[in-house]
Amino acid sequence: MFPGRRPPFHPADRGLGPNVGYQSKVRVIDRYKVIGFISSGTYGRVYKAVGRHGQVGEFAIKKFKPDKEGEQIQYTGISQSAVREMALCSELSHPNIIKLIEIILEDKCIFMVFEYAEHDLLQIIHHHTQPTRHPIPPSTVKSIMFQLLNGCQYLHANWVLHRDLKPANIMVTSGGEVKIGDLGLARLFNKPLHSLFSGDKVVVTIWYRAPELLLGSRHYTPAIDMWAVGCIFAELLSLRPIFKGEEAKMDSKKTVPFQRNQMQKIVDIMGLPAKEKWPHLVNMPEYSQLSTLSASTHPKSGSNLEKWYYSTINSHSATSNPSSNASLGAEGYKLLSGLLEYDPERRLTAQQALQHPFFSTGDKVSSNCFEGVKMEYPHRRVSQDDNDIRTSSLPGTKRSGLPDDSRPVKRLKE
Amino acid sequence: MAANYWESTQRRHWQFTRQQLEDLRKKLEDEDQNLVQMYPLPQVRHLSIYFNQQVSRIGKRLGVRQQAMATAQLYIRRFYSKVEIRRTNPYLVIATAVYLACKMEECPHHIRLVASEGRTLWPGMYFFSNDTSKLGECEFFLISEMSSQMIVHHPYRSLTSLQGLFSLTQEESALAWSIINDHYMTDLPLLFAPHIIAIMAILLSLVLRPNTTGIQSASGSAGTIANAAQTALGSAGQFKPTGEKQGSTPRTKVQKLANWLVESSIDIEAIVDCIQEIISFYEVQEQYNEKLTREQINRFVKARGLDK
């Protein structure tokens, strides 16, 4: 299966004897040439690489760093999230999901080799705020949304919840193909042996967190991903997170706090959720907290989303910008409000959203989100500071050019 | 994919023909014939029974659900289709497979706990000064040999969705469930799709009288069961039952199952094949000698220093 590299010992004896430890059949530096460092996170680092044996294209190699106990690096067992990501990525295959090439387990490290994507939504959105705000072309928005939903539909049809959809995790290739990435928090929901809640208490970057999660729901459904997709849609239009709350930290007792600030940001635009429209609302563990939030000016008038939407898509039309998003029109609002529906049971599913008239009215949806776009987006920044993929002693400091939106609080302080 | 067996890595990479499986094992033995001759081992099915017992023992101590234990057993079987058993410490492999399966089946246990349960269960055979690190190392080995393909499809889900269709009683369901548990001691999970296994288990549970308390008590009359099952299927007119004449008034549920099979495009021959395999397993199980199996395993582990 792997091209041969003859180890110095008996080829089969790579097991667990007293003298011979586990050895990988293939070494990452024999297969790939690292050409730069992309980013790092709590899990480890991501490098850009090309193949040494004529493998076509470029690659992103995600390296999970081993836990260190003292100076000696020891095997400590692979984290459950890494195991999930490895298993799911090996199984998934869809044009809108980032493709796994191979996984190499070597030297107590895990190297996941993915196809390389030149852009991500965070970077694209950021680009449109520089030097002044100019909207993402409507055809691009439409194509991104369709592809994103298509990827979600595939995940959900296969009982996979992504649980961490956000602009930084949505990759875009130079050919304009959207690829959902980072399945580090993803998991199967078909037959959880334990309630999905008991596993990991907090999921999804807070700005994209669905209201039912904020209200303490223990039963996750694909609807939580759909809320995040709604937030991403809004962000593609306005170029800033629609609900940019501040995360309340866990207290010393490790109880999960009510995310008041985040919920308030949602209520500011969406109005307070009403039990008439969301029957299970009253059963939410944090239901009582809702009464402590300040309702927007007219409590009974409901949502300000429509106002938000039209002022957003029309904000650039005054300057007679030809790429104004005004053309997204009423169907755009209907799709957005369907995704940002409070009641998870009434929220659009990925399948329903794909059938939405938003995609069948107006211009045809292109499978290349950059089609007809004249300007070019900047390439992913790749630093040369750390090209040694095998060095495991470097601290996991962030070096990428763009802010990481997984730390909203930090970003707000900037 | 995860919900779709047909596109799964299980079907694409971990389903073999008997010949392929035999070739894989032969290749492993041929790699070092000295080793194989020096340390004779019982037949694969007896080893599997032993592994099953050990998985159950550590699983019980950890409070692991049946499905995670089934996953662990499948991991072990996949692993030993690629790695010569005499090069490994099977106790370490078993502990590691359970540890990994628990993470995949969303009921994780801390590596230290799994390691210490192993130490308690298998004193002397599993005595590493750094056993968590050994377990972590073995996890790399296991995942690497499985090419990170860790999502498995079990027949339990097919059984759950079909039991209503065939109006199985609680006893019949329980019996089918235990037959599925037993099939992990055979090569069946590497040979057939999970729904084929589930149908085999349902058919057998119907053919075995529901008043039978368990498969063990029935296994004495394995030949009779096989014949009864074949007759039942044969009555659907799909193939000629061997020898036995038709019309032994199969119960209506069996008839319904047989008719359903004819109308569906399910491979009936595969089901017959499965039935024969599990029946012959129940026969082989009678000759299982736990002490001998343990001694033969422990001998190579000790002699090769795999316990350190």
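On a 1 Å grid over the protein atoms alone, a cavity is a set of points where a 1.4 Å probe fits but cannot get out, and its lining residues have an atom within 4 Å of a point. The structure described here is a predicted model, in which local features need pLDDT of at least 70 and side-chain atom pairs count only at pLDDT 80 or more, whereas totals for chains, interfaces and linings use all residues. Residues are numbered from 1 along each chain as its sequence is written, and chains are lettered from A in the order in which they are written.

**Cavities**

A search of the whole structure finds two cavities of 30 Å³ or more. Grid points are joined across faces, edges and corners, and a volume is the space filled by probe spheres set on the points. Ala, Val, Leu, Ile, Met, Phe, Trp, Tyr, Cys and Pro count as nonpolar, Asp, Glu, Lys and Arg as charged, and the others, Gly among them, as polar.

| Cavity | Volume | Lining by class |
|---|---|---|
| Largest | about 50 Å³ | seven nonpolar, four polar, no charged residues |

The lining of the largest cavity includes B:Gln10, B:Leu74, B:His153, B:His154, B:Pro155 and B:Phe192. The second largest cavity is lined by A:Ser139, A:Thr140, A:Ser143, A:Lys364, A:Val365, A:Ser366, A:Asn368, A:Cys369 and A:Glu371.

**A sheet and a helix in chain A**

Helices (H or I, at least four residues) and strands (E, at least two) are DSSP runs, numbered from the N terminus; two strands pair if DSSP finds at least two bridges between them. In chain A, three strands form an open sheet in the order β8-β10-β11, with antiparallel pairing. Its edge strands, each pairing on one side only, are β8 (119–120) and β11 (178–180). Two bridges join β8(A) to β10 (residues 170–172) in the antiparallel sense, and A:His119 has A:Val172 of β10(A) as its bridge partner.

Helix α4 (residues 138–157) of chain A lies across β10 and β11 of that chain, at about 35° to β11(A). Axes are lines fitted to C-alpha atoms, for helices over the stretch in contact (heavy atoms within 4.5 Å), and angles run from 0 to 180 degrees between N-to-C directions.

**Annotated segments of chain B**

An unreviewed UniProt entry lists residues 11–38 of chain B as "coiled-coil region". That stretch is 82% helix and 0% strand, with its end C-alpha atoms 36 Å apart. For residues 188–208 of chain B, the unreviewed UniProt entry lists "transmembrane region"; this segment is 86% helix and 0% strand, and its end C-alpha atoms are 20 Å apart. Such annotations may be inferred rather than shown by experiment.

Technical notes:
Heavy atoms only, no water. 1 Å grid on protein atoms, 1.4 Å probe; cavity = no way out; pocket = protein on both sides within 12 Å on 5 of 7 lines; lining within 4 Å.
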